[in-house]
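Dear colleague,

Please find below the structure that I am handing over to you, followed by an account of what was found in it. I would be grateful if you could read the two side by side.

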Amino acid sequence: MAATGTTSSLGYAWRTLSVVSMASVLTGLGGSAINVALPEIARNTGAGATAAGWILLGYQLTTTVLMVVFGRLADLFGRRRMYLLGLATYTGAALLAGLAPDAWVIVALRVLQAAGAAMLLTNSAALVSDAFPRERLGEGMGVYVASFSIAGLIGPTLGGVLAESLGWRWVFWFNVPIGVICLVWGAFVLRRPAPGRRESGLDAPGSALVLLTLGGLLLALSEFTRLGWQHPVVLGGLAAFVVGLPLFVLRERRAAHPVVDMGLFRERAFAFGTLASFLNAVARMGMVFLVALYFQAVRGDDPVQAGLKVLPLAVAAMIASVASGFLQRLLSARTLAVAGAATTTCGLTVMLAVMSADTPYPAVAAGLVLIGLGSGVFLPSNTTAILDGLPSNRLGIVNAMRLMVQNTGNVVGTGLVLSIITAPLPAALHQSVFAGTLAQLSGEAVGQLVTGYRWALGTMATISVLTVLACLARRKAT
């Protein structure tokens, strides 16, 4: 009977993983397709550099600041309910975004879509971790992370094809049928929570302070290079962070049901694990967008060609993610996280070494493969190391804290990269970079953009070295 129960439990775990993976492919496809199709969207909507940047940054910022709030709500009201609501919100916003009349309406609808994505991402790894037996968790987490790689594999090419052949609106509309299928399958598969004791109480003031503090910081970091430190928007964001942070810490120490468990950061293994997650996100975030933009703005490729040329990263990441789960039977998750971060560093170093206006494609592909292998090993291994052994009723908030830190790294990394690559160029040419038309203007401008790429890759490689050091520090702490 025990074996039958275990088999039944494992069957539900794999069905749950299928729901989570389908939704991860959905959100991953949406993001990677837009990365490649952004120049086409900018050209057809008349978007300036600011609006084009916020189509990406607005989504990431909103997702990040809502993570811990939805993580806490999931622990209170159930992950199934929050997950299905997230699918409905994400899908509905994609439908409306395809009808948008201009770029700033797209930005607003991407913010709504990000709210749905936050509900999904907060609960995805928690659902997998809760469903799988401890000894099989590495396999489940590896397949879950590989689903993002599958999206990365298909998304760039899909985004290029849709933008080129059907028009930019279909970059959003293709999400709708996939989202509906995910919603129906999730409603069928995910179990309703059994009646039982749940943590009660929502820290509303703490949730508001998260939005104020983290939102202010990310807004300032995203905009300071474009607007300058003196701009009211940047100063206001920094002021919100400086004032809000001590108030938030004070509130969370006194709250009966804190939205963020500050005590977790006193555990060195958790602290270094989340630090490594943040640094890794800053170091690798935006590589698909950077390389796709390089081939369009520097080499003059169309979106389809650019999408095809970034595929080696996604293929390598998908293979490594699946393999990492089986490797965890031989090596610890912490050891694999170190190896993954080191491989990513090697890939970024290769990209820096070969970057020029006429870099041979095999050299670019070699760097992309190394980055993909490193990311594919690091992400599931680091996630397993953080979540393994936690009680079910804390998975939502702890996973949300992990994702909040990781997505903060995504926003910081995106803002940093977008700012650095355009820094050597005159402000008047920034819009041509995002529209992918810089190669048609002048050789001097292309050379300046390549200089910006070198600066960005050098910064990313340095931060990746710090990721390796954080992983090593965590291993010594345990």
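In what follows, two residues are in contact when heavy atoms of theirs lie within 4.5 Å. Please note also that this is a predicted model.

By that criterion, and leaving aside neighbours within four places in sequence, Tyr-83 is in contact with Val-19, Val-20, Ala-23, Met-119, Leu-120, Asn-123, Ser-124, Leu-127 and Leu-190. Tyr-83 also stands out in the largest nonpolar core, which has 137 residues: together with Met-287, Tyr-83 touches the most other members. Helix α1 (residues 2-45) supplies the largest share of this core, namely 17 residues.

As to the protein as a whole, there are 18 helices and zero strands. Of its 478 residues, 59% count as buried. Among contacts with a separation of 6 or more, 84% are between residues 24 or more positions apart.

I turn next to a pair of helices. Helix α2 (residues 49-77) packs with α3 at an angle of about 150 degrees, and their axes are 9 Å apart. Because angles over 145 degrees count as roughly antiparallel, α2 is roughly antiparallel to α3. On the α2 side, the residues that meet α3 are Tyr-59, Phe-70, Leu-73, Ala-74, Asp-75 and Phe-77. Their counterparts in α3 are Arg-79, Arg-81, Met-82 and Tyr-90. Sorted by class, this contact of α2 with α3 has seven nonpolar and three charged residues, and no polar ones.

Arg-79 lies in helix α3, which spans residues 79-97. Its relative accessibility is 11%, so Arg-79 counts as buried, the cut-off being under 20%. The side chain of Arg-79 is joined to that of Asp-130 by a polar contact of 3.2 Å.

A further site concerns Gly-340, which is found in helix α14 (residues 333-354). Gly-340 has a relative accessible area of 1% and is therefore buried. Not counting residues up to four places away in sequence, Gly-340 touches Gly-374, Val-377 and Phe-378. Asn-280 is 60 residues away from Gly-340 along the chain, and the C-alpha atoms of these two residues are separated by 9.9 Å.

With kind regards

Notes. Residues are numbered from 1 along each chain as its sequence is written. This is a predicted model: local features need pLDDT of at least 70, side-chain atom pairs count only at pLDDT 80 or more; totals for chains, interfaces and linings use all residues. Side-chain values use heavy atoms; hydrogens and water are left out. Helices (H or I, at least four residues) and strands (E, at least two) are DSSP runs, numbered from the N terminus. Buried means under 20% relative accessible area, exposed over 50%, partly exposed in between (1.4 Å probe, protein chains only). A polar contact is a pair of N or O atoms within 3.5 Å; within protein, one must be able to donate a hydrogen and the other to accept it, and residues adjacent in sequence count only if both atoms are side-chain atoms. A nonpolar core is a set of buried Ala, Val, Leu, Ile, Met, Phe, Trp, Tyr and Cys residues joined through side-chain atoms within 4.5 Å. Axes are lines fitted to C-alpha atoms, for helices over the stretch in contact, and angles run from 0 to 180 degrees between N-to-C directions. Angles under 35 degrees count as roughly parallel, over 145 as roughly antiparallel, 65 to 115 as roughly perpendicular and the rest as oblique. Ala, Val, Leu, Ile, Met, Phe, Trp, Tyr, Cys and Pro count as nonpolar, Asp, Glu, Lys and Arg as charged, and the others, Gly among them, as polar.
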